[in-house]
Amino acid sequence: MPNANRGAVGFDSSEFEEKYDRPSKTELKRQSDALQALGNELVEQPRDRVKRVPMPDDVRDAILVCQTIKNHEGRRRQLQFVGKKMRTLSEEEVAIIQRTIEGWKGASKADTAALHALERRRDKLLADDQALTVLLAEHQELDGQHLRTLIRNARKEQAENKPPKAYREIFQILKDLDTKTRGAAKAAADAEGEDDEDDDRDD
């Protein structure tokens, strides 16, 4: 004869399933730590960057306030408050912030690579006279005589272990030149894009 009490142990199967559908304490702690770390990363960013990140005003305000606190204990408490605010965000809001930060990192990597390229070009100018000839051929607006003097002085600085004044000035000239070149290329690309739009409208 079937036992009517079989399986009756004080809770039904749906309660059992619901209990194990919830995140474990370990998972909740991991999520909390990740949001705290994300908040800390935002606190370390420049204020103008933080102001441009899409997020609720109360979260942004907590981050901006934390950036102004110099007292160690006060800053620690405010960082905890930032973490608490971060935990109020939806998954979508967190994803947007993460994508924004990844975009910053990508831009930073590109900037770093560009600076390394300028440093290599400067070192080549010091090591090879032909490099200056190539540079002046590419950019006739440069003052060749001034650059020759700077290169000569930079070599002397290195030989005599003097402060790298000319060495730094060469880098600044190359950096300014790179900025102008990038700006001109962007302006040309923008103008070409406008021309294409005009052609589309004419069609």
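Which residues is glutamine 67 in contact with, leaving aside its neighbours within four places in sequence? The points below take up that question after the overall layout.

1. Overall layout. This is a predicted model. The protein has 9 helices and 0 strands, and from the N terminus on its elements run α-α-α-α-α-α-α-α-α. Of the 203 residues in the protein, 25% are buried. Among contacts with a separation of 6 or more, 55% join residues 24 or more positions apart.

2. Glutamine 67. This residue has its place in helix 4. Leaving aside neighbours within four places in sequence, glutamine 67 is in contact with Leu42, Val43, Gln45, Pro46, Arg47, Val50 and Arg75, which answers the opening question. Its side chain reaches the backbone oxygen of valine 43 at 3.0 Å. Is glutamine 67 buried or exposed? Glutamine 67 counts as buried because its relative accessibility is 13%, and the cut-off for buried is under 20%.

3. Helix 4. The helix that holds glutamine 67 has 12 residues and reaches 17 Å from its first C-alpha to its last, close to the 16 Å expected at 1.5 Å a residue. Besides Gln67, its buried residues are Val59, Arg60, Ala62, Ile63, Leu64 and Cys66. What do the buried residues of helix 4 pack against? They pack against helix 2, helix 3 (47-52) and helix 5.

4. The largest nonpolar core. This core has 19 residues, and those with the most contacts inside it are Leu42, Met55, Ile63, Val82, Met86 and Ile97. Helix 2 (25-43), helix 4 (57-68), helix 5 (72-86) and helix 6 (91-127) each supply at least two of the core residues. Helix 4 gives the largest share, 5 residues. A second, separate core has 18 residues, among them Leu118, Leu132, Ile170 and Leu177.

5. Leucine 42. Leucine 42 is one of the residues with the most contacts inside the largest nonpolar core. Not counting residues up to four places away in sequence, leucine 42 touches Val50, Val53, Met55, Ile63, Gln67, Met86, Ile97, Ile101 and Trp104. The list includes Gln67, the residue of point 2.

6. Helix 5. How far apart are the end C-alpha atoms of helix 5? They are 21 Å apart, which agrees with the 21 Å that its 15 residues should span at 1.5 Å a residue. Asparagine 71 caps the N-terminal end of helix 5, with a side-chain oxygen 3.1 Å from the backbone nitrogen of glutamate 73. The buried residues of this helix are Gly74, Gln78, Val82, Gly83, Lys85 and Met86. Residues three or four places apart in an α-helix point the same way, because there are 3.6 residues a turn.

7. Lysine 85. Lysine 85 lies in helix 5 and is one of its buried residues. The side chain of lysine 85 makes a polar contact with the side chain of aspartate 58, at 3.1 Å. Apart from residues up to four places away in sequence, lysine 85 touches Asp58, Val59 and Ala62. Val59 and Ala62 are among the buried residues of helix 4.

8. The largest pocket. About 280 Å³ of space lies in the largest pocket. It is lined by 13 residues, and the closest to its centre are Gln31, Ser32, Leu35, Glu91 and Val94. Helix 2 and helix 6 are the elements that give two or more residues to the lining. Which of the elements gives the largest share of the lining? That share, 7 residues, comes from helix 2.

9. Glutamine 98. Glutamine 98 lies in helix 6. Its relative accessible area is 42%, so glutamine 98 is partly exposed. Glutamine 98 and leucine 38 are 60 residues apart in sequence, while their C-alpha atoms are 7.9 Å apart in space.

10. Asparagine 161. Where does asparagine 161 lie? Asparagine 161 is in the loop between helix 8 (144-160) and helix 9 (165-202). Its phi is near 55 degrees, a positive value in a residue other than glycine. Most residues other than glycine have a negative phi. With a relative accessible area of 73%, asparagine 161 is exposed.

Key
Residues numbered from 1 in each chain as written. Predicted model: local features only at pLDDT ≥ 70, side-chain atom pairs only at ≥ 80, totals over all residues. Heavy atoms only, no water. Core = buried A, V, L, I, M, F, W, Y, C linked by side-chain atoms within 4.5 Å. Buried < 20%, exposed > 50% of the residue type's maximum accessible area, 1.4 Å probe, protein only. Helix = DSSP H or I, 4+ residues; strand = E, 2+ residues; numbered from the N terminus. Contact = heavy atoms within 4.5 Å. Expected span 1.5 Å × (residues − 1). Polar contact = N/O pair within 3.5 Å; in protein donor to acceptor, adjacent residues only side chain to side chain. 1 Å grid on protein atoms, 1.4 Å probe; cavity = no way out; pocket = protein on both sides within 12 Å on 5 of 7 lines; lining within 4 Å. Points joined across faces, edges and corners; volume = space filled by probe spheres on them.
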